[in-house]
Amino acid sequence: MGKIKKRIFAVVMITLIIFTIFSVSSCKGIIRSNTEAEEYVATLVEKSYEINVIVFGDGLPHLDEKDPENPLYSPVIENEKYKTISDIRLAIREVYSEEYAKSLETIAFSGSPSGVEGSTLFPRYITNSAGELLILTDYTILDYESPTHGKYEGLNVQKYDTSTIEIKKISLRFVEANITSEDGKTTILVTLIRQEAGSDYVWRLNSATC
């Protein structure tokens with residue numbers, strides 16, 4: 001085989017290898033049937049319930065006492081799963097997409113307006129100087145000179161019946177599905193998105209399930 005033919009052969013082989021690698025990589029995590037889509041939706045919606053309780057609902061179990069440094073907060077009871085803010089953040093990212101997770105993390109770790117004039121929600125979780133994880137159990141009006149305050153009330157987090165999943169759309173990057181609450185009163189449209197995770201692809205929720 002002449003030098004030119006050898007070079008052409010080498011170029012063709014390299015091209016085929018690159019094309020094969022790209023094809024295999026781009027096919028990772030693709031959902032190919034309604035049944036497979038339903039399994040992803042069911043798994044992520046079920047996992048989202050715990051996240052919703054932590055961020056919006058009753059939150060992590062805590063002691064019935066205030067932190068001396070942070071009187072609006074109480075120490076979280078020690079547990080095996082959630083010891084730090086990083087643990088909560090990781091759990092959020094294992095269920096929700098990168099983009100949607102940012103909104104949950106803002107509420108959980110940065111705080112946000114409460115929707116009531118003159119008031120705000122402080123971060124749901126902070127850490128004190130001793131490194132202890134604390135949860136917001138009280139609130140105050142933005143007028144810090146006012147003595148008005150009260151117990152922080154979380155949302156009543158809804159649970160959904162995964163047997164009611166109805167797939168509306170499947171594409172390479174998105175899945176849309178309807179799912180109904182366990183009490184049968186609420187039906188929501190949930191969206192899943194396929195996103196890169198290192199050298200792999202994963203599916204994550206990209207919409208609210210509260």
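**Before starting**

This is a predicted model, in which local features need pLDDT of at least 70 and side-chain atom pairs count only at pLDDT 80 or more, while totals for chains, interfaces and linings use all residues. Residues are numbered from 1 along each chain as its sequence is written, and side-chain values use heavy atoms, with hydrogens and water left out.

**Stop 1: the whole chain**

The chain has four helices and eleven strands. Helices (H or I, at least four residues) and strands (E, at least two) are DSSP runs, numbered from the N terminus. Of the 210 residues, 36% count as buried; buried means under 20% relative accessible area, exposed over 50%, and partly exposed in between, with a 1.4 Å probe and protein chains only. Among contacts (heavy atoms within 4.5 Å) between residues at least 6 apart in sequence, 50% join residues at least 24 apart.

**Stop 2**

Next, select residues 160-170, which form strand 8, then strand 9 (174-181), strand 10 (187-197) and strand 11 (200-205). These four strands make an open sheet in the order 8-9-10-11, with antiparallel pairing; two strands pair if DSSP finds at least two bridges between them. Which strands stand at the edges? They are strand 8 and strand 11, and each has a single partner strand, so one side of each is left without a neighbour in the sheet. From one strand to the next, the twist averages 30°. For such angles, axes are lines fitted to C-alpha atoms, for helices over the stretch in contact, and angles run from 0 to 180 degrees between N-to-C directions.

**Stop 3: two hairpins**

Centre on strand 9 and strand 10, which pair in the antiparallel sense over seven bridges. Select T180 to find T187 of strand 10 opposite. The two strands form a hairpin with five residues between them, and G184 in the turn has a positive phi of about 75°.

Move on to strand 10 and strand 11, which run antiparallel and are joined by six bridges. Here R194 stands opposite W203 in strand 11, and A197 stands opposite D200. This hairpin has two residues between the strands, and G198 takes a positive phi near 70°.

**Stop 4: helix 2**

Select residues 34-55. This is helix 2, which lies across strands 8, 9, 10 and 11 and runs at about 130° to strand 8. E36 is found in helix 2. At 26% relative accessibility, E36 counts as partly exposed. Not counting residues up to four places away in sequence, E36 touches I30 and I31.

**Stop 5: a loop residue**

Select N156, in the loop between strand 7 (149-151) and strand 8. Is N156 buried or exposed? N156 is exposed, with a relative accessible area of 77%.

**Stop 6**

Turn to another open sheet, in which three strands have the order 1-5-4 with antiparallel pairing. The edge strands are strand 1 (73-75) and strand 4 (125-127), each pairing on one side only. The twist averages 35° from one strand to the next. Strand 1 is joined to strand 5 (residues 133-136) by three bridges, and the bridge partner of S74 is I135 in strand 5.

**Stop 7: pocket and cavity**

Rolling a probe the size of a water molecule over the atoms shows where empty space is left. On a 1 Å grid over the protein atoms alone, a cavity is a set of points where a 1.4 Å probe fits but cannot get out, and a pocket is an open set with protein on both sides within 12 Å along at least five of seven lines; lining residues have an atom within 4 Å of a point. Grid points are joined across faces, edges and corners, and a volume is the space filled by probe spheres set on the points.

The largest pocket has a volume of about 280 Å³. Select D58, H62, T137, K151 and Y152, which are the closest to its centre of the 17 lining residues.

Finally, select V55, I107, L121, F122, P123, R124, L136 and Y152, which line the largest cavity. The volume of this cavity is about 40 Å³.
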